Amino acid sequence: MRSDQQATPAAAAIDARRWPKILSRYREPSVPRSVAEIAVTLGPLALLWVGMWAALHVGYWLSLLLAVPAAAFLVRLFMIQHDCSHDAFFRSRIVNAWVGRVIGVLTLTPHDLWRRTHAIHHATSGNLGRRGIGDVDTITVREYRARSWWGRLGYRLYRHPAVMFGLGPAYLFILQHRVPLGLMRGAGWQPWVSTMATNLGIAAVAGGLMWLIGIGPFLMVHLPVALIAASIGVWLFYVQHQFEDTVWEEDRAWDHPEAALHGSSHYDLPGVLRWLTANIGIHHVHHLSSRIPYYRLPEVLRDHPELANVGRLTLWQSFGCVRLVLWDEIRRKLVSFRTMRRDAAAAGDVSGA
């Protein structure tokens, strides 16, 4: 299922290199608006959390129903932390850092560690020579076919929806974010300091709530919210780069503005979902100019409608992205295992299973 990126001639003709300068005028945040965004996100989240606890006395089914909107607001809170990691939400770098750190306790995400890995993602997205940090593992058709049987099985398991959007997010937010193994090289002790400080904050908040309402009720309330929010967050990150007409290039040919504009989708969600996800679907614009606060991203599309159809994915179209798992160097698009096998069979190669 193709996005509208290549289907629209005007979109294909856009010169990516001129856009960072054009978009720089949208980078100024509004402090009152930023504070209001935190309030309208944190307030409903707290009320829904308390409502879930109160609903335990009625029936756990009601509490679980409330977990879905609570998770959506937790995702929105994470998007505020995301903007803080880009120094986009407030004018002060220090304020951005400390707001992000505090939110990180609630989102189970060490802010300084996340900031580091996410900056690497922005600096390398779509670069085949610099994969591995802050992105969804993606290999080429050639690399897949060169792997052993066990290597292929491992990649297939990693890319299975149950792992990618179920077990994987749970592991990432609950376990991996607690110990930053493999991220010490060149970073000193900062990732550990960030992570351990966040862990202490999580322990303090969770311990206080367990003391107040009990261990069982706390886990019954918060665990579903955290798990659902983690899966939603990974899904959003996935569809923002794992769509058919995304862009991958070898290091020597990679160009940052081009990868930002054409390697990131415009996930055109319905209005309510767009608000709950803090406009993160306007991801191509975000990658072109990451210092734009999320509440100003719609201004960009309003003033520059030619960007609206670049990499555009609807909610329905996005479900088709799940099957796209390999970068085809010949087709220059993401393809499914089935497409790879069909191409191999057409070429008479029986090893392309």
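Residues are numbered from 1 along each chain as its sequence is written, and side-chain values use heavy atoms, with hydrogens and water left out. Because the model is predicted, local features need pLDDT of at least 70 and side-chain atom pairs count only at pLDDT 80 or more, whereas totals for chains, interfaces and linings use all residues.

Rolling a probe the size of a water molecule over the atoms shows where empty space is left. On a 1 Å grid over the protein atoms alone, a pocket is an open set of points with protein on both sides within 12 Å along at least five of seven lines, a cavity is a set of points where a 1.4 Å probe fits but cannot get out, and lining residues have an atom within 4 Å of a point. Grid points are joined across faces, edges and corners, and a volume is the space filled by probe spheres set on the points. The largest pocket has a volume of about 1,200 Å³. Its lining comprises 47 residues, of which Gly134, Asp135, Leu172, Gln176 and His177 are the closest to the centre. By class (nonpolar: Ala, Val, Leu, Ile, Met, Phe, Trp, Tyr, Cys and Pro; charged: Asp, Glu, Lys and Arg; polar: the others, Gly among them), this lining divides into 28 nonpolar, 17 polar and two charged residues. Helices (H or I, at least four residues) and strands (E, at least two) are DSSP runs, numbered from the N terminus. Among the helices that each supply at least two lining residues of the largest pocket are H4 (60-85), H5 (93-107), H9 (161-175) and H11 (215-239).

The second largest pocket has a volume of about 590 Å³. It is lined by 25 residues, with Leu106, Leu108, Ala206, Phe218 and His222 nearest its centre. The lining has 22 nonpolar, two polar and one charged residues, and its largest share, seven residues, comes from H10. Leu106 is also touched by Leu74 (contact: heavy atoms within 4.5 Å). Leu74 is placed in helix H4 and counts as buried (under 20% relative accessible area, 1.4 Å probe, protein chains only; exposed is over 50%), at 7% relative accessibility. Further contacts of Leu74 include Leu45, Val225 and Ala229.

Five cavities of 30 Å³ or more are found in the whole structure. The largest cavity holds about 120 Å³ of space. Of its 14 lining residues, His121, Ser125, Gly126, His241 and Trp248 are the closest to the centre. This lining divides into five nonpolar, eight polar and one charged residues.

In helix H17 (residues 337-346), the buried residues are Phe337, Thr339, Met340 and Ala344. Seen down the axis of H17, these residues fall within an arc of 165°, so they line one face of the helix; the arc is that of the directions from the helix axis to the C-beta atoms. Arg338, Ala345 and Ala346 are exposed on the other side of H17. The cover over the buried residues includes helices H7 (141-146) and H8 (149-159) and strands E4 (326-328) and E5 (333-335). Just after H17, Gly348 takes a positive phi of about 75°.

Asp328 is found in strand E4 and, at 7% relative accessibility, counts as buried. A polar atom of the Asp328 side chain lies 2.9 Å from the backbone nitrogen of Ile330. Not counting residues up to four places away in sequence, Asp328 touches Val141, Lys333, Val335 and Asp343.

Key. Polar contact = N/O pair within 3.5 Å; in protein donor to acceptor, adjacent residues only side chain to side chain.
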